[in-house]
Amino acid sequence: MTDWNLPWKASCLCGGVQMKISAPPMVTMACHCRGCQKLTSGPYSLSMFLPDDGFEVTTGEPVPGALKGEHKHFYCPDCLSWLFTRPAGMDMVNLRSTMLDNAAWAAPIMETGTASRLPFAQTGAEFSYEGFPEPSDFPMIMQAFADHGARPEER
């Protein structure tokens with residue numbers, strides 16, 4: 001399937017930060033690490049890797065926060081929704097899938113941080129990693145996502 005029904009809209013809880021996605025994701029994922037559990041107040045975070053040039057903040061000014069490391073996490077300054085992460089050294093954005101206006105389709109093909117997975121938290125992801133995949137695994141994961149990963153329904 002090549003028709004991704006783009007562009008998509010995304011926003012924070014209060015609508016103060018709005019985003020536009022104009023390129024299909026490279027992969028969808030769930031992360032079970034303790035950081036994601038604490039940041040989401042849930043068993044895992046859901047996200048999708050997007051090419052940097054396919055992501056745009058159209059309204060509002062996200063602010064950095066959370067962990068003070070090489071990867072920059074961005075939030076709405078008003079409702080404090082965790083919106084996206086800019087991984088260090090990569091030309092991509094890791095958008096929290098639940099920010100999409102329609103996130104129902106965005107099932108993860110990969111899960112990471114499973115060493116910290118809560119016993120009841122199952123995602124159905126095809127690829128599973130105790131930590132994070134080796135860079136050499138990404139072409140295989142991205143190809144699987146391109147071949148048969150989740151897709152939005154037609155409009």
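User: Let's start simple: which strand does S47 lie in?
Analyst: Keep in mind that we're looking at a predicted model. If you find S47 in it, you'll see that the residue lies in strand β4.

User: Is S47 buried or exposed?
Analyst: Its relative accessible area is 2%. The cut-off for buried is under 20%, so S47 counts as buried.

User: Which residue's side chain does the side chain of S47 join in a polar contact?
Analyst: S47 touches several residues beyond its sequence neighbours, including V27, T28, M29 and N94. R96 is also one of the residues it touches. The polar contact between side chains is 3.5 Å, and the partner is R96.

User: How many bridges pair β4 with β9?
Analyst: Strand β4 covers residues 45–51, and β9 covers residues 92–96. The two pair in the antiparallel sense, and the number of bridges is five.

User: What lies between β8 and β9, and which residue in the turn has a positive phi?
Analyst: These two strands form a hairpin, with five residues between them. The phi in question is about 75°, and the residue is G89.

User: How many residues of β9 are buried, and which ones sit on each side?
Analyst: In a regular strand, side chains alternate between the two faces of the sheet. On one side of β9 you get M92, N94 and R96, and on the other V93 and L95, with both faces covered. The strand is mostly covered, and the buried count is five of five.

User: How many salt bridges does the structure hold?
Analyst: One is between D52 and R86, at 2.5 Å from N to O. Another is between R117 and E111, where the closest N and O atoms are 2.9 Å apart. For the structure, the count is two.

User: How many residues apart in sequence are the parts tied together by D52 and R86?
Analyst: D52 sits in the loop between β4 and β5, while R86 sits in strand β8.

User: Are D52 and R86 buried, exposed or partly exposed?
Analyst: D52 has a relative accessibility of 31%. R86 comes out at 29%. Each of these counts as partly exposed.

User: What about R117 and E111: which one is buried?
Analyst: R117 has a relative accessible area of 28%, so R117 is partly exposed. With a relative accessible area of 5%, the buried one is E111.

User: Of C14 and C36, which is buried?
Analyst: C14 has a relative accessibility of 43%, so C14 counts as partly exposed. At 9% relative accessible area, the buried one is C36.

Methods:
Residues are numbered from 1 along each chain as its sequence is written. This is a predicted model: local features need pLDDT of at least 70, side-chain atom pairs count only at pLDDT 80 or more; totals for chains, interfaces and linings use all residues. Side-chain values use heavy atoms; hydrogens and water are left out. Buried means under 20% relative accessible area, exposed over 50%, partly exposed in between (1.4 Å probe, protein chains only). Helices (H or I, at least four residues) and strands (E, at least two) are DSSP runs, numbered from the N terminus. Two strands pair if DSSP finds at least two bridges between them. A salt bridge is a side-chain nitrogen of Lys or Arg within 4 Å of a carboxyl oxygen of Asp or Glu. A polar contact is a pair of N or O atoms within 3.5 Å; within protein, one must be able to donate a hydrogen and the other to accept it, and residues adjacent in sequence count only if both atoms are side-chain atoms. Contact means heavy atoms within 4.5 Å. Lists of a residue's contacts leave out its neighbours within four places in sequence.
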